[in-house]
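Visitor: I would like to go through this structure with you, beginning with the charged side chains and then the backbone.

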Amino acid sequence: MIDPEARRCQPGSRPSAAPAALAVVIVLLLAVTAACAGSTPSTRAGSTVPTATQAAIDTTSTAATTAPTTTLAPPPPLPPIAPAMPGPPQVISHGDPASSTVALTFDDGLCSQCIGNMVADLERTGTHATFCPNGAYGKEFAPYVARIRDLVARGQLTICNHTWDHKKIITLSNAQLIDEIQHNEEWIEQTFGVTGRPYFRPPYGSHNARTDQVAASLGYTKIIVWSSTLSDSTLQTPATILDQLQIRLIPGGIVLGHLNYLPTGETFDQLMAVLDQRGLRRVTIAELLGPASGGG
């Protein structure tokens, strides 16, 4: 009969398996630790594997040193508003026909997006132009006031008075016409920081000797009409707008456009291409006519 105690380890018997197994585990742990240490990214001298943080720093540093600087210089301050200078009225439909210039003018402001698109196009291309806004559309102009003031300060945009709410002025009394012009002038000054004087554009191009004299008595001595039109006071197709530009386009001309419908802005680059083909440089009304304007 086998003694049960004989199955226990006795002194002098073979070594127990437990210490040997423990030794194996220790060896394996040391091997795993060494392997992990070899594959961990290091920031020690000579390491070729940057940490994620170091990579981000290096990328930022590189970008900071290579990014171009395109910030425009701040515009000059707007000049003080001069007092009104009444005088004899002069109706002007064009500048010097011997020049290679053309004045693009944009009236009204019925469509806020149209205003924003035109402002962006002027900023993008450096084109000079003239806005003839109605103060009744002040809400539509409001989102772009700072940018318009910037264009004005840089001499890229001239503001022309087009009355407060676009009434047909030959039907108004003198007092009513004065109110229309003065109300809009106050809005122009408060909004854009300049005066519309001496440029006045009668709505619909409808005027007579009496209305001209009333405007001139308020300092609006230059009654601005036009030599050609985009015919965009109502909704037109881009093709129609382009055709209209070319029909009566002349050197020294004044082109009538509007800030009322999107196709006008959608054709902007094509309109500029036509002017380039004709060799016509875009100028403001102020630049077209000069300090002592002629025209006719």
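Visitor: Is Asp-150 buried, partly exposed or exposed?
Guide: This is a predicted model. In it, Asp-150 is partly exposed, with a relative accessible area of 24%.

Visitor: Which side chain meets Asp-150 in a salt bridge?
Guide: That of Arg-154, at 2.7 Å from N to O. Arg-154 is partly exposed, with a relative accessible area of 33%.

Visitor: How many salt bridges does a search of the whole structure find?
Guide: The search finds 10. One of them pairs Arg-201 with Asp-107, whose closest N and O atoms are 2.9 Å apart. Arg-201 lies in the loop between S5 and H7 and Asp-107 in strand S2 (residues 101-108), so this pair ties together parts that are 94 residues apart in sequence.

Visitor: Are Arg-201 and Asp-107 buried or exposed?
Guide: Both Arg-201 and Asp-107 are buried.

Visitor: Turning to the backbone, where is the cis peptide bond?
Guide: It joins Arg-197 and Pro-198, with omega at about 5°. Pro-198 sits in the loop between helix H6 (174-192) and strand S5 (199-200).

Visitor: What is the phi of His-166?
Guide: Phi of His-166 is near 65°, a positive value in a residue other than glycine. Most residues other than glycine have a negative phi. His-166 is buried, at 16% relative accessible area.

Visitor: And Tyr-204: buried or exposed?
Guide: Tyr-204 counts as exposed, at 56% relative accessibility. Tyr-204 also has a positive phi of about 65°, and belongs to the loop between S5 and helix H7 (209-217).

Key. Residues numbered from 1 in each chain as written. Predicted model: local features only at pLDDT ≥ 70, side-chain atom pairs only at ≥ 80, totals over all residues. Heavy atoms only, no water. Helix = DSSP H or I, 4+ residues; strand = E, 2+ residues; numbered from the N terminus. Buried < 20%, exposed > 50% of the residue type's maximum accessible area, 1.4 Å probe, protein only. Salt bridge = Lys/Arg side-chain N within 4 Å of Asp/Glu carboxyl O.
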